[in-house]
Amino acid sequence: MRVLGLETSCDETAVAVYDGAAGLLAHELHSQADLHSIYGGVVPELASRDHLRKLLPLLKKVLESSGGPGAIDGIACTTGPGLAGALLVGSSVARSLAYAWDVPCIGVHHMEGHLLAPLLEPDPPEFPFLALLVSGGHTLLAFVRGVGQYEVLGSSLDDAAGEAFDKTAKLLGLGYPGGPQLAALAERGRPGVFNFPRPMTERPGLDFSFSGLKTAVVVALRGRALDDQTRADAALAFEEAVVDTLVMKSRRAIEATDARTLVVAGGVGANRRLRARMLAMGERHGVRVAYPRAEFCTDNAAMIALLGHLRLAAGQRGDLAISARARWSMSELVPPSAGLQS
Ligand code: KG4
Ligand code: ZN
């Protein structure tokens with residue numbers, strides 16, 4: 001089965017084709033980062049309008065390099081969670097194409113796409129595994145028994161890890177999205193100049209809280225000249241605090257579940273310090289740590305086409321209603337055998 005995937009949940013317009021036998025055939029992405037950067041964050045109305053402009057040209061390009069529309073057996077689009085107007089662009093195009101081509105269509109969960117993205121890699125992790133999902137909108141630990149079988153063990157009570165990176169980057173005078181820029185600035189930081197808390201690690205449990213870290217950065221910088229070196233020192237200490245917290249909680253979850261594999265996915269999963277530290281922790285505990293390649297950590301349609309394939313090839317279907325779910329909990333997801341999902 002060959003599945004077309006469309007992703008328009010936030011500020012990336014992306015299209016991909018995944019084939020059950022040949023794997024990923026094509027994937028294209030247009031980032032709106034430049035469009036939103038002067039506003040310091042994503043402007044929903046601008047995001048929807050830009051998806052409208054970019055989606056069909058990207059689709060044309062992807063289909064031309066992957067055997068054309070006649071070879072598509074099914075379509076998947078992200079229907080949530082995300083910005084409602086942005087989601088509706090992908091959903092409208094996907095359902096319309098499904099109707100015109102007379103192929104099945106399914107709406108899929110964006111975070112489930114992130115979670116299964118490591119399955120795009122040559123030596124994919126096997127179920128069951130523990131997953132740490134760290135993106136701009138979500139931070140959670142889940143035990144994964146199979147597609148649609150997610151037991152959420154802990155999540156952020158306030159800001160997501162990526163959101164904390166973005167807000168702290170803004171404080172340090174960096175542009176949007178701040179995560180990669182803060183990580184680059186941290187490369188020049190001196191260890192030990194600042195020391196920020198590791199939130200919620202001193203008490204049991206697997207929940208996270210990152211909003212206090214941003215306040216700790218504000219307090220530490222109060223009254224100081226914000227020269228380049230000071231900003232870099234603060235960026236490093238902030239990154240260390242987030243990475244340490246994520247590693248500690250993941251280790252705790254490994255001990256609680258006896259998992260032999262840990263998947264780390266979502267935009268913050270592209271962070272080099274996090275990747276290195278998580279790998280080292282995995283080695284110490286005899287646990288395999290699996291990541292998608294960095295470009296499939298951040299938003300993309302390859303993960304949506306793959307997820308669509310996993311569900312459609314197992315017989316699951318959606319209807320032709322154009323739908324968007326701005327909020328959609330992962331714990332509501334069900335295995336493909338459960339039938340309709342839109
Ligand atoms: O998964 P993603 O692309 O979109 C969402 O579903 O939210 O994640 C985007 C988030 C942003 O907050 C961005 O700053 C962060 O991931 N991010 C990073 C890095 N690359 C992206 N954070 C830290 N280090 C990075 N290298
Ligand atoms: Zn995402």
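Buried means under 20% relative accessible area, exposed means over 50%, and partly exposed is anything in between, using a 1.4 Å probe and the protein chains only. E163, with a relative accessible area of 25%, is therefore partly exposed. This is a predicted model, so local features need pLDDT of at least 70, side-chain atom pairs count only at pLDDT 80 or more, and totals for chains, interfaces and linings use all residues. Residues are numbered from 1 along each chain as its sequence is written, chains are lettered from A and ligands numbered from 1 in the order in which they are written, and side-chain values use heavy atoms, with hydrogens and water left out.

- Helices (H or I, at least four residues) and strands (E, at least two) are DSSP runs, numbered from the N terminus.
- H110 counts as buried at 6% relative accessibility, and D299 counts as buried at 14%.

**Around ligand 1**

- There are 18 residues around ligand 1, and H114, G136, D166, G267 and N271 come nearest; a residue is near a molecule or strand if one of its heavy atoms lies within 4 Å of it.
- Helix 5 gives the most to this shell, with three residues, while helix 4, helix 5 and helix 6 (178-186) each supply at least two.
- H110 shows up here too: one of its polar side-chain atoms is 3.0 Å from an oxygen atom of ligand 1.
- From the backbone, an N or O atom of G136 comes to 2.7 Å from an oxygen atom of ligand 1, and one of G179 lies at 3.0 Å from an oxygen atom of the ligand.
- The protein covers 87% of the 560 Å² of accessible area that ligand 1 has on its own; such areas come from the Shrake-Rupley method with a 1.4 Å probe, and for residues only the protein chains shown count as cover.

**Salt bridges**

- The whole structure holds 23 salt bridges, each being a side-chain nitrogen of Lys or Arg within 4 Å of a carboxyl oxygen of Asp or Glu.
- E121 pairs with R293, with the closest N and O atoms 2.9 Å apart.
- That pair links distant parts of the chain, 172 residues apart: E121 is in the loop between helix 4 and strand 6 (129-134), and R293 is in the loop between strand 10 and helix 10.
- E121 is buried at 16% relative accessible area, whereas R293 is partly exposed at 33%.
- K60 and E64 meet at 3.2 Å, N to O; both lie in helix 2 (residues 44-64), four residues apart, or about one turn of the helix, and both are exposed.
- E163 and K167 meet at 3.4 Å, N to O, and they too are four residues apart, about one turn of the helix, in helix 5.
- K167 counts as partly exposed at 31% relative accessibility.
- Salt bridges with shared partners also join R198, E239, E240, D244, R273 and R277 into one network.

Notes:
A polar contact is a pair of N or O atoms within 3.5 Å; within protein, one must be able to donate a hydrogen and the other to accept it, and residues adjacent in sequence count only if both atoms are side-chain atoms.
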